[in-house]
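Take a walk through this model, one feature at a time. Keep the sequence and the structure side by side as you read.

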Amino acid sequence: MIMKKPFLLSLLFVTCVSCRETQTSQDYPVPKKIYDLGTVITEDLPERIWGPTALASMGFSRMNKFEVIDWKFENEVGKITGSNSYFTLFNHGGPHVDAPAHMDLGGGIETYPIEVFAGPMKVFDVSSYRYGHNVPVDVFRDKVGQNDIVMIFTKYTPPQIDGLMPKTITLSPEAAEYLATLPVKAFGTDAWSVMSFDDTVKVNSDSEAATLSPIHYSFLSRRIPIYEGLYRLDELVGYKQVYFVGVPLNIKDGDGMLVRPVAFVFE
């Protein structure tokens, strides 16, 4: 059987394209492990993370609210049913990312370029340090590069009974300034916040935000995202090849937003 020339050329073209697509698919690195650093968003999540005393002390009286609206549609063909929902969310109760607007430093979530929500990730175990702003700069010096996403595992435990405030291990102002001036691409913690009620730090600044919440100020004033309330960071300590993705909903003027962060391990 003799194939016509146009058909032969078409067959060769399809074969070449197929081979090239196969080769391309093999070029993508495949992670050995994928870690979900988020959690299920429930109506009571803010209280479980912050504790009722911290929420009340800062004027947050409402929980998340899920309003499910059932619907049905029918015509001469048949009938279907389903639901749509309204979600009222506290955007800082659970795994979330802060925007500069969180500290009145200008710029909501939508002003971040998408690139800042992904990058190489390094996790440091600081759970042995005292509560307060006690994680020193030496933990990170010469171990972190520009554009790394740096996370700390503090072994955070939410308040277990009413009347208690969250206890937090967090950066010293010197460590925050070191990371923010490298600069890192983002910073994060498993704790409810990067601020602490467990000690007071002296920061000489004309900015009240820098004086009262220096860790927030170091990063957000430089438009570096802060992730708080992440899960499973302890399982990533020691890995050297980790890629993080934590993209929030792109809310206009949003001072923060919940995320479902993911870590891809390649070693």
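V123 stands opposite M151 in strand 7. Strand 7 covers residues 149-153 and pairs in the parallel sense with strand 5, over five bridges. Two strands pair here if DSSP finds at least two bridges between them. Helices (H or I, at least four residues) and strands (E, at least two) are DSSP runs, numbered from the N terminus. The model is predicted: local features need pLDDT of at least 70, side-chain atom pairs count only at pLDDT 80 or more, and totals for chains, interfaces and linings use all residues. Residues are numbered from 1 along each chain as its sequence is written, and side-chain values use heavy atoms, with hydrogens and water left out.

Strand 5 (residues 118-125) also pairs with strand 11 (residues 242-245), in the antiparallel sense and over three bridges. There, G119 has F244 as its bridge partner. Strand 11 in turn pairs with strand 13 (residues 262-265), again antiparallel, over four bridges. V242 stands opposite V265 in that pairing.

Next come the rings. The whole structure holds 11 aromatic pairs. Rings of Phe, Tyr and Trp (its six-membered ring) pair if their centres lie within 6.5 Å; planes under 30 degrees apart count as stacked, over 60 as edge-to-face and the rest as tilted. W50 and W192 form an edge-to-face pair, 4.8 Å centre to centre, with 70 degrees between the planes. W50 lies in helix 2 (residues 45-50) and W192 in the loop between strand 9 (186-189) and helix 5, so this pair ties together parts 142 residues apart in sequence. Both W50 and W192 are buried. Buried means under 20% relative accessible area, exposed over 50%, and partly exposed in between (1.4 Å probe, protein chains only).

What about F66 and F87? Their ring centres are 5.2 Å apart and their planes at 80 degrees, so this pair is edge-to-face. F66 lies in strand 2 (residues 65-74) and F87 in strand 3 (residues 79-88), so the pair ties together parts 21 residues apart in sequence. F66 is partly exposed, at 28% relative accessibility. F87 is exposed, at 55%. Elsewhere, ring pairs link W50, F60, F90, W192 and F197 into a cluster.

Finally, look at the backbone. The peptide bond from L182 to P183 is cis, with omega near -5 degrees. P183 lies in the loop between helix 4 (173-181) and strand 9. D104 is not a glycine, yet its phi is positive, at about 55 degrees. D104 is found in the loop between strand 4 (96-98) and strand 5, and it is exposed, at 74% relative accessibility. N147 also has a positive phi, near 70 degrees, and is a residue other than glycine. N147 sits in the loop between strand 6 (132-135) and strand 7. With a relative accessible area of 42%, N147 is partly exposed.
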